Amino acid sequence: MALHIPKAPGVPQMLKDGARMFSGLEEAVYRNINACKEFARSVRSAYGPNGMNKMIINHIEKQFVTSDAGTIIRELDVEHPAAKLMVLASQMQDSEVGDGTNFVIVMSGALLEAAEELLRLGVTTSEIADGYERALDKCLEILPELVCFEIKDCKNIDDVVKGIKPSIMSKQYGNEDFIANLVAKACIGILPQKTTFNVDNIRICKILGAGLLQSDVLSGMVFKREVEGDITNITKAKVAVYSCPVDITQTETKGTVLIKSADELLNFSKGEESLLEKQIKDIADAGVKVVVAGAKFGDMALHFLNKFGVMAVRLNSKFDLRRLSRTVNATVLPRLTTPTADELGYCDKVHVDELGDTRVVVFSMDSSESRISTVVIRGSTDNYMDDIERAIDDGVNTFKGIARDGQFVAGAGATEIELAQKLLQYADTLPGLEQYAVRKFAVALEAVPRALADNSGANATEVVNKMYKAHRENQKTVGFDIDSESSGVCDVKEKGVLDLYLLKYWGLKYAVGAATTILKVDQIIMAKRAGGPKPKAPAGSDDES
């Protein structure tokens with residue numbers, strides 16, 4: 001009989017073998033705060049226009065070189081439960097505003113760092129969390145007063161460029177003018193009159209070669225494919241879109257055909273061919289000049305399409321098919337039938353073009369308002385073009401924010417310092433222990449201008465002091481001047497460094513939400529992982545498990 005060893009009393013007694021438990025300030029709270037501080041510190045150096053790039057190789061060995069926090073946290077598989085909460089807050093910011101992911105992480109990291117000092121002084125976590133909540137309410141109350149610029153008309157290209165430029169500048173410092181113009185042109189071209197702006201309607205096509213300045217915007221779509229047939233250029237075309245193969249129709253059920261003579265065999269093949277010819281002739285007679293299919297074109301079908309002068313394009317992705325049908329305003333047909341006038345789409349020009357050594361099929365619309373725009377990015381390496389794509393993505397999301405609410409606050413840390421100054425005055429009016437937390441919240445807000453200054457090689461303390469001095473003299477829009485040689489400050493409104501009001505509003509909410517949630521955790525109980533050790537993957541395997 002095996003010797004029965006009693007378990008230690010308490011929680012371990014209740015859980016399976018191998019379960020771990022951490023509780024109390026030392027084990028749980030400080031451990032969580034340290035993990036989050038380290039995580040925030042690694043992302044913080046990528047903040048702002050002079051932020052450093054990170055090289056990340058993800059679990060399937062794909063390499064990323066970027067300073068975009070959204071990509072960094074998406075590709076790093078963060079395991080730590082507390083750091084994961086920060087990642088979730090940052091991802092919520094990404095889906096809500098599309099930019100400002102780094103702001104959320106830097107801010108919540110700074111809040112937790114400040115909370116650690118208060119905890120060491122003996123303030124309880126609930127008092128710190130309450131103080132942070134009160135400070136947040138006060139910030140959101142003050143924020144509307146700090147709006148310094150508003151875009152009333154989303155179709156005014158100069159205003160839109162001014163609003164988009166700062167978000168692109170933080171990713172591609174030096175190319176922001178060119179990229180902002182591209183994004184503004186693409187977005188304004190497809191902005192609908194009634195409904196809201198849809199980010200998915202801006203497509204990006206990356207083609208190796210040339211340089212960034214050869215990039216362009218087309219109203220319509222670009223596909224990195226060849227056409228299937230011989231016809232490569234058609235103007236003012238009616239377009240039919242099929243999701244099925246364009247080929248001899250397969251029968252629904254299987255059957256056996258008994259052929260007794262050679263004539264019957266010839267007639268059988270001829271019957272199939274003439275049926276296909278009739279189908280394609282009917283399609284051509286309906287005025288169709290371009291057939292787009294989501295599956296293969298048979299050799300015989302291609303022969304007849306060439307005979308009737310119809311262009312054939314194959315798209316492998318069903319999503320591309322849907323987007324194209326939206327662009328040309330066609331209905332995707334599931335069977336090879338003759339389309340009615342309502343089901344046909346129209347495109348001004350469909351042609352094959354060669355960019356560098358890549359052949360592309362271009363569906364372009366000449367009308368001023370199309371449904372989809374494509375930004376064709378040129379560049380020397382894939383990594384570089386990926387980074388440009390992320391900058392454009394931020395710009396497009398900023399435009400979406402402008403379409404919802406065109407208010408802007410001052411960027412470059414000006415808003416944060418103004419809020420910090422107001423919070424310090426507010427803290428003096430509070431009687432309880434929350435005032436310490438509100439003061440620390442004000443100090444945490446300084447993390448943003450400090451990060452900008454540190455990454456630019458300036459003296460952060462000197463910059464923050466100069467900014468406080470200017471803000472006390474009621475210059476609300478004074479922020480850090482990136483171009484200055486000596487830790488300088490400037491009026492960022494005149495320089496055009498602006499942040500979306502929505503970005504700051506949601507960013508503060510999510511950062512405080514993540515920080516207070518992490519602070520309120522006093523026990524971590526980890527069950528034993530399910531299953532045994534993972535089997536070793538064979539060499540060269542890119543299996544995602």
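Helices are taken here as DSSP runs of at least four residues, numbered from the N terminus, and the structure described is a predicted model. By this assignment, helix α15 is followed by G457, a residue whose phi is positive, near 80°.

Helix α15 itself, spanning residues 447–455, is mostly covered, with seven of its nine residues buried. The buried positions in α15 are A447, V448, P449, A451, L452, A453 and N455. These residues pack against a set of helices comprising α2 (24–44), α5, α13 (414–427), α14 (434–445) and α16 (460–472), and also against the strand β15 (478–480).

The largest nonpolar core of the model contains 73 residues, and those with the most contacts inside this core are I128, Y132, L423, F441 and L445. Helix α5, which covers residues 101–121, supplies the largest share of the core, namely twelve residues. When residues up to four places away in sequence are not counted, L445 touches M107, C139, E416, L419, A420, L423 and L508. In soluble globular proteins, nonpolar side chains tend to be buried together.

Nonpolar residues also occur at the surface, where V257, I259, L265 and F268 form a patch with about 340 Å² of accessible area together.

Note on methods:
Residues numbered from 1 in each chain as written. Predicted model: local features only at pLDDT ≥ 70, side-chain atom pairs only at ≥ 80, totals over all residues. Heavy atoms only, no water. Core = buried A, V, L, I, M, F, W, Y, C linked by side-chain atoms within 4.5 Å. Buried < 20%, exposed > 50% of the residue type's maximum accessible area, 1.4 Å probe, protein only. Helix = DSSP H or I, 4+ residues; strand = E, 2+ residues; numbered from the N terminus. Contact = heavy atoms within 4.5 Å. Patch = residues over 30% accessible without salt bridge, like charges linked within 9 Å, V, L, I, M, F, W, Y side chains within 5 Å. Areas by Shrake-Rupley, 256 points an atom, 1.4 Å probe, with all protein chains shown as cover. Salt bridge = Lys/Arg side-chain N within 4 Å of Asp/Glu carboxyl O.
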